[in-house]
Amino acid sequence: MLEARVLNGVGALPQGAWQRFFDGEPECWAYHRVAEQCPPDGFKLGAVGVYDGARPVAAAPVFRVDYRLDTALQGGLRRMSDWIYRRIPGLVSLPVLCLGSPLTDLCRIGIDPDLDVSERRRALGALLDGLERAAATDHVGLVALKNVADSEAEWAHAGLAAAGFTRITSVPVAYLDITHGDLNSYIRAQDAATAAYFRRKLRALSKLRIEYRRSIDGLEDQVNALYAQTRSQSGVDYGDFDALHPDYFRTVIEQLGDRARLMLAWHDGQLVSFQLFLRGSGEVVAKYIGMHYPLARELNAYFINWFMLIKFAMDHDIPRVQMGTTAYRAKVLLGARLERTWMYFRHRRRVPNGMLKVLAPLGDFERHDPELKALRLGGRPVRGMPTAVDALRV
């Protein structure tokens with residue numbers, strides 16, 4: 001008999017079991033411990049585990065938040081919904097208990113690799129049952145799974161659809177497969193216009209000093225300020241899901257050791273940009289980037305950050321870079337493919353669940369992201385790139 005338990009955090013699970021379920025992933029047990037120590041404002045983080053007796057056989061991070069149903073909306077529609085939220089917040093916001101983490105781009109569910117197919121299905125069923133029971137105990141109506149990858153949708157959609165869940169697209173995740181041994185060969189492999197564009201961007205590298213740090217001592221305020229600047233420049237606003245605790249960067253760097261790196265770009269003693277990334281056995285995960293405007297734009301800091309991260313992966317024989325979400329035009333130009341992700345949700349009460357199903361298309365993230373409208377998901381640009389790529393203001 002499998003038993004699901006909602007836990008205060010991943011610390012309630014043996015680190016060895018978690019690492020076994022999520023073998024080699026950069027966003028490891030220690031990373032989720034950091035997330036729980038300094039969660040974004042408004043989020044309560046924990047975990048759910050499935051046990052066969054005393055032995056854990058499955059686990060996943062979980063969080064609770066008052067979710068803005070208008071999170072996907074941008075521009076004028078978002079301003080309108082903000083106006084409604086300020087006056088009648090209950091029309092726009094609902095408490096939700098969700099599998100996943102606000103500090104990861106994907107919903108990862110770890111399962112004991114020794115389980116066979118039928119046992120895996122039972123473990124997943126127990127995980128969902130535990131989530132439902134926890135929502136009922138906490139008087140939360142809405143349960144969800146955040147950012148289930150397309151590659152996992154086969155098992156997810158069959159099981160979750162049968163359980164009454166509705167799905168909408170969430171933000172896709174960009175991946176760059178490392179297929180060249182050095183940066184020069186990577187650039188030469190591009191078409192002529194793109195290669196020339198990349199070389200122009202790289203000229204500013206001679207004006208920058210690139211540094212890799214495992215400590216943030218003396219830089220915490222600057223790093224937080226650069227991240228805030230970059231959020232303010234973004235073409236999309238996902239509200240609380242973009243926010244970070246002020247201690248986040250320091251705690252990640254201090255507690256993850258060699259798994260976490262902070263890449264800094266300096267110009268004449270001025271910190272121009274940073275990029276925090278995590279490294280695992282088969283992947284580098286780019287977490288957050290921050291830039292000092294307008295100097296960062298003048299020195300092409302955004303592209304140089306990516307070129308240096310790609311070079312890091314090449315130098316360390318790491319086959320893939322997870323480039324995260326947003327700024328899709330630039331990432332596709334760099335050669336990334338986009339993998340669709342899904343948000344699954346179900347209200348435990350029949351009438352609100354029916355209403356949310358009807359309204360679901362309004363909350364579809366791909367429908368409202370301005371850059372995704374100009375791209376074929378998972379492919380190269382539709383048109384106007386790279387010849388029009390100089391218009392990118394990053």
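W266 stands opposite L271 in β11, a position within the antiparallel pairing of β10 and strand β11 (residues 270–279), which runs over eight bridges; two strands are taken to pair if DSSP finds at least two bridges between them. The model is predicted, so local features need pLDDT of at least 70 and side-chain atom pairs count only at pLDDT 80 or more, while totals for chains, interfaces and linings use all residues. Residues are numbered from 1 along each chain as its sequence is written, and side-chain values use heavy atoms, with hydrogens and water left out. Helices (H or I, at least four residues) and strands (E, at least two) are DSSP runs, numbered from the N terminus.

The hairpin of β10 and β11 has two residues between the strands, and in it D268 takes a positive phi near 50°.

The largest pocket holds about 1200 Å³ of space. The lining comprises 48 residues, of which S234, V236, T325, T326 and A327 lie nearest the centre of the pocket. Among the elements that each supply at least two lining residues are β6 (142–149), α8 (220–233), α11 (301–315) and β13 (320–324), while the largest share, five residues, comes from β12.

Several backbone features can be followed from here. T326, one of the residues nearest the pocket centre, has a positive phi of about 70° although it is not a glycine; T326 sits in the loop between β13 and α12 and counts as partly exposed because its relative accessibility is 24%. In the loop between β12 and α10 (295–298) lies P294, and the peptide bond from Y293 to P294 is cis, with omega near 0°. N300, in the loop between α10 and α11, is a residue other than glycine with a positive phi, near 55°, and N300 counts as buried at 15% relative accessibility.

Charged contacts are the next topic. Side chains of opposite charge can pair when their charged atoms come close, and a salt bridge is here a side-chain nitrogen of Lys or Arg within 4 Å of a carboxyl oxygen of Asp or Glu. A search of the whole structure finds 24 salt bridges. In one of them D112 and R20 have their closest N and O atoms 3.0 Å apart; D112 lies in the loop between β5 (110–111) and α4 (117–137) and R20 in helix α1 (residues 15–21), so the pair ties together parts that are 92 residues apart in sequence. D112 is buried, with a relative accessible area of 2%, whereas R20 counts as partly exposed at 38% relative accessibility.

A second salt bridge joins R108 and E25, whose closest N and O atoms are 3.5 Å apart; this pair also links distant parts of the chain, with R108 in the loop between β4 (93–99) and β5 and E25 in the loop between α1 and α2 (29–37), 83 residues apart. D258 and R214 meet through their side chains in a further salt bridge, at 2.7 Å from N to O, and here the loop between α9 (248–256) and β10 is linked to the loop between β9 and α8, the two residues being 44 residues apart. D258 is partly exposed, with a relative accessible area of 39%, and R214 counts as exposed at 51% relative accessibility. Salt bridges that share partners also join R20, D52, R55, D112 and D114 into one network.

Note on methods:
On a 1 Å grid over the protein atoms alone, a cavity is a set of points where a 1.4 Å probe fits but cannot get out, and a pocket is an open set with protein on both sides within 12 Å along at least five of seven lines; lining residues have an atom within 4 Å of a point. Grid points are joined across faces, edges and corners, and a volume is the space filled by probe spheres set on the points. Buried means under 20% relative accessible area, exposed over 50%, partly exposed in between (1.4 Å probe, protein chains only).
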